[in-house]
Amino acid sequence: MKPDPDRADSQSKLLPVEESPPAAMSRNGYFFEETGYLKCDTDDGCENKEEGGGEELFDTVNSSIVSGDSIRFFVNVNLDIQQNVAAESEGAGCVLLHTSRKYLKLKNFEEEVRAHRDLDGFLARASIILDETATSLDDVLREMLKHFAEDSDNAEPSCNFDKIMSTLFTDSGAPREGNVHLLSDTIQGVTATVTGVQYQQSWLCIICTIKSLQRRHVCISRLERPQNWGENSCEVRFVILVLAPPKMKSTKTATEVGRTFATMFSDITFRQKLLETKTEEEFKEALVHQRHLLTVVNQRPSALADGHRTHNHKPLKLHEFFNVGKGIVDDLARRFPVYALDFTDGIIGTNKAIGKYITTMIFLYFACLLPSIAFGSLNDENTGGVIDVQKTIVGQCIGGLVYALFSGQPLVVLLTTAPLALYINVIQGICEDYELKFSAFYACIGLWNSFFLVLYSLFNFSLLMKLFKRSTEEIIALFISVTFVLDAVKGIVKIFEKYYLDVSANTTTLLNSSMDHSVSGNQTDTHSAAIHHGRETAVLSLMLMLGTLWLGHTLYQFKKSPYLHSRVREILSDCALPISVLIFSVVGSYFFKEIEMSKFNYNPSETMFALAEIQSLSIGSVMSAMGLGFLLSMLFFIEQNIVASLTNAPENRLVKGTAYHWDLLLVALINTGLSLFGLPWIHAAFPHSPMHVRALAYVEERVENGHIYETIVSVKETRLTTLVANSLVGLSLLLLPFPLQLIPKPVLYGLFLYIALTSIDGNQLFERVALLLKEQTAYPPTHYIRRVPQRKIHYFTGLQVLQLIILCGFGMSPLPYMKMIFPLIMIGMIPIRYNLLPRIIEAKYLDAMDAEH
């Protein structure tokens, strides 16, 4: 018996093998060993060997395997072929065998909650065989299955254990001549050394998925003597058998359960203790003790990792806020050395991305122009034409160009947004109530807002964003998506109220229109035609809105389809927004031109850049403007920093650094000019900024436990896309009123729905809400699924949804003054996360769900 070669367990890894190297004894006493990947050099030969009066025929394959660390080792493959006179011809009885290997991570008992539950489930219905006397692997497995069958706790009424026995091996369902008797799926411990790959040969974990099973089963057998079952299994003392049904949650599969026990058995000290146990109770106690040791040992690297995170997110100290301008200086020092690269990356050099830049520019142009038209039309209605579509486009062009040229993170997109439109509406109401001049009061509020933003940037207030956990950011992001949906629903409801429900009003309007155009016809005909016309408008508007959403989202997801070339799919996906808007604008304005459609107002401004007369305001009005400006600055501060944080998220793999403080100062300066000339305010927009990053990203699809997910490999960090897009927005003034006014309002509402739908892609809160509607087998193997109990996940999701409802209640309240204070509700989520939630859910689970993965 050769010595146990499985030392140095601290660096061991688990290797699951399908049709794995450990060989089972065949019925005639021979064994089969097969392995190999990357490269295989084959020499076929036959040699006769006399043993016990019989002849054996061997087919020898020498397999040369080179690992990533240039580790080379050789494996001999012996194919057991039944002695047969008819097998003298070359190739008789040959079958094909597929081998697959992959590395598994050792299970983290400190973080992965399923590790403890796997062991607790086993201890509750323990199937332990001590000092098994069987010598062949077949006999050992039969005894383990027999132990299952005789145990009343593990009874499976519809289970055929003979069939399970055959399923464990590769010859299950194989042709008659393919009698290759190998284990189908195993896990072993391996250690990579300078001399090769070293297998832990004293234990073997066998896993299998059986359709007829109702629940998972685990049996551990300790052999009386070490058994030699072939290369890499020369001294087996422990066999772990894991059986599981196929319809299981991703963390409860046979592989995951096997990984739990394989992690425990990878410790040679633990295996030595198991050899010394005399009873099942002592065996169980050793398992419990090993779990405790693994939990304690795993806390050490975890503590180091936590220390690393603490270094990056160290507790805030008061003196950090009094280093005036330090954050701005650090941002400039970080970003200025790569400023020139923001113009040349993807244009000069080997990794050119001109095609991706062009499609991103087209997408970004429409993503900036259409919301400007939509919110400009809304502001036009709310302010009586003081802020209109033309001014909104001008403000977007100027502010966007300045930010694209001088910002620290040019991938962030500035836009006027729905919350800003709400603020403008409230300001207009205040001006009407107190007989104030809107342009002056608006400018004063904007200047106070910029003043507070400058203070925030100088005193490094962006450091406070460290207090915003991922869960809080996702609540706010989902709130913004909900506002887009609400704006679209409000718009289509107004159209239905005007054209579908208010029949008499439609009749009068169209009758007057017909008289103005000298259209002949009696009153009865006009009345019936008017009713028909109005309802057609409402129904067509609904179809245009939903059609824009459907086509846009279908093209956005088209890159995942198998149709056309991959580059064509990518272009269609990147241009999904402009294609859908253009197509349904043509449908609404050309193919159904006889039907009246709701279009945005266009009233050319006589004076585009007239300075606001702030001096006309009284001292009381200026002080009132200060209070409103402070609340507005809170909105700007939160929106700007959270959108920048989502843009700079680790999963986006940006490499040029952040500039939170400088960008906040730049936004303050931009809005100072916009306020003075009565142009609408702008700040970082969600989801346009993350979508901009996504459009410039190179994405790969990866598969984990049968679940397909996308991961960003790299992103082209450039200023060119925002520069060109905002320049095109400015040139779009030449397209007013024709042809831009041909875009029906329902198409803009469809755009809002499209933005809302695409923005939830990757939102963890939305994904966890969707888990409530899925069966457990469809749960993805995400980090929080592995680390947090399912019930805690649903508790946390419910609490997040409750916070979202409260935020929506304030932000969408019909009371105008409640809308003004909803930024304070966002700030209030910080103490909720740090003080209230830990009283309901353990802090370690909260940290796991807030982790950035």
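**Exercises on a predicted model**

Residues are numbered from 1 along each chain as its sequence is written, and side-chain values use heavy atoms, leaving out hydrogens and water.

**Exercise 1.** Describe the backbone and the place of Asp 131.

Step 1: Phi is positive, about 60 degrees, although Asp 131 is not a glycine.
Step 2: Asp 131 belongs to strand S7, residues 128-132 (strands are DSSP runs of E, at least two residues; helices are runs of H or I, at least four; both are numbered from the N terminus).

**Exercise 2.** Is Leu 564 buried or exposed, and where does it lie?

Step 1: Look in the loop between helix H15 (523-556) and helix H16 (566-574).
Step 2: Phi of Leu 564 is near 60 degrees, a positive value in a residue other than glycine.
Step 3: Leu 564 counts as exposed because its relative accessibility is 55%.

**Exercise 3.** Find the cis peptide bonds that join Leu 736 to Pro 737 and Phe 738 to Pro 739.

Step 1: For Leu 736 and Pro 737, omega is about -5 degrees.
Step 2: For Phe 738 and Pro 739, omega is about 10 degrees.
Step 3: Now place them: Pro 737 sits in the loop between helix H21 (720-731) and helix H22 (745-759), and Pro 739 also lies in the loop between H21 and H22.

Definitions and conventions:
This is a predicted model: local features need pLDDT of at least 70, side-chain atom pairs count only at pLDDT 80 or more; totals for chains, interfaces and linings use all residues. Buried means under 20% relative accessible area, exposed over 50%, partly exposed in between (1.4 Å probe, protein chains only).
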